[in-house]
Amino acid sequence: MSGESSFAAKSLSAPEYVLALHKPADNVAVLLRNRVRGQTLQRITSAETMASPEFQRWIAEQNRAGSDVFVGMNPLKDGASNRTKDNVKEIRHVYLDLDEDAKAALANVRDSQDTPPPNFVIDSSPGKHQVVWRIEGVDIEQAESLLHSLANQFGGDKAATDATRVLRMPGFANRKYANQTEFVVTALHESDRIYQLRDFTIREDSPDAPRHIDETHSSQRALPHGHKSQSEADWAYAKRALARGDHPEQIIQRIADFRADDKPDPSYYARLTVTKAQDTLKQAAAAERHDTNPKYDAREMP
């Protein structure tokens with residue numbers, strides 16, 4: 001989707017970013033990880049306190065001593081002493097952690113018809129990005145289904161698909177790469193909109209996110225104009241799931257559940273889809289073996 005012409009994108013300092021993510025009274029986790037010392041320190045405090053000069057000075061001291069700095073994406077309940085799903089007060093954000101071919105992946109996010117414009121784009125390290133959307137009206141299960149589908153669609157880190165995730169805080173050096181020139185994390189605020197599940201049509205494209213993403217839309221499987229058909233999407237999903245090692249019977253069940261409303265025999269359809277995907281992957285693997293075997297001439301391959 002195209003960006004918003006009425007909003008002027010701007011860089012945010014750490015205090016500005018914290019208060020753009022959270023309300024002042026929200027309980028928020030800050031995590032400090034020192035890989036050299038093998039130490040991890042977590043503090044849960046109000047967003048207002050976290051954004052204060054005193055707290056920021058303390059974080060800066062920890063960063064200079066070798067700690068990476070992360071901030072929680074969703075507020076925690078009053079009195080929470082740890083960052084668990086049970087302690088999440090509400091879902092405020094969904095996000096992507098883009099490591100592999102991140103520049104192209106970010107361009108795909110910006111051009112996608114399946115996702116709205118990001119609220120924040122974090123340059124987390126050289127050539128890598130984190131993308132954040134503000135969202136409301138979703139529960140943890142819905143949010144994590146959407147997180148998983150976003151990661152599948154755009155090649156995001158599958159480990160960053162939980163509602164308790166912390167992402168990098170801008171204004172502090174990335175200490176993960178000790179042998180590289182110091183890189184200071186930055187945050188660009190690109191939109192002030194708050195989105196709904198209906199703004200992410202990507203949910204219709206993946207059996208990884210079946211009914212529970214948005215029950216009110218379970219019977220509406222229309223894809224955006226110009227998008228691949230749902231059958232093509234199912235086949236692409238089957239290939240992705242097989243390639244990452246999911247059991248074929250589990251994939252069949254997910255697709256059958258996902259297409260239960262619009263296929264007369266969803267189990268047969270799902271099994272046929274997965275079988276075709278398996279055959280395609282086997283053929284691709286065989287072709288690769290021939291291409292790397294010197295006794296074969298690539299010109300003789302079909």
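In this predicted model, β8 supplies the largest share of the lining of the largest pocket, namely three residues. The space in the largest pocket amounts to about 290 Å³, and of the 18 residues that line this pocket, those closest to its centre are F70, D97, Q130, R168 and K176. Two or more lining residues are given by each of the elements β6 (120-125), β7 (128-134) and β8 (166-168). Sorted by class, the lining of the largest pocket holds nine charged residues, five nonpolar residues and four polar residues.

The second largest pocket has a volume of about 150 Å³, and its lining is drawn from several stretches of the chain, with A20, L21, H22 and K23 joined by E90, I91 and R92, by R134, I135 and E136, and by I194. In the lining of this second largest pocket, five residues are nonpolar and five are charged, while one is polar.

Turning from pockets to cavities, how many cavities of 30 Å³ or more are counted? The count comes to two cavities of 30 Å³ or more, and the second largest cavity contains about 50 Å³ of space. Its lining includes A29, then G72, M73, N74 and L76, together with R83 and V88, and finally A163, T164 and R165. Among the residues that line the second largest cavity, five are nonpolar, three are polar and two are charged, whereas the lining of the largest pocket has nine charged residues.

Notes. Residues numbered from 1 in each chain as written. Predicted model: local features only at pLDDT ≥ 70, side-chain atom pairs only at ≥ 80, totals over all residues. Heavy atoms only, no water. 1 Å grid on protein atoms, 1.4 Å probe; cavity = no way out; pocket = protein on both sides within 12 Å on 5 of 7 lines; lining within 4 Å. Points joined across faces, edges and corners; volume = space filled by probe spheres on them. Helix = DSSP H or I, 4+ residues; strand = E, 2+ residues; numbered from the N terminus. Nonpolar A, V, L, I, M, F, W, Y, C, P; charged D, E, K, R; others polar.
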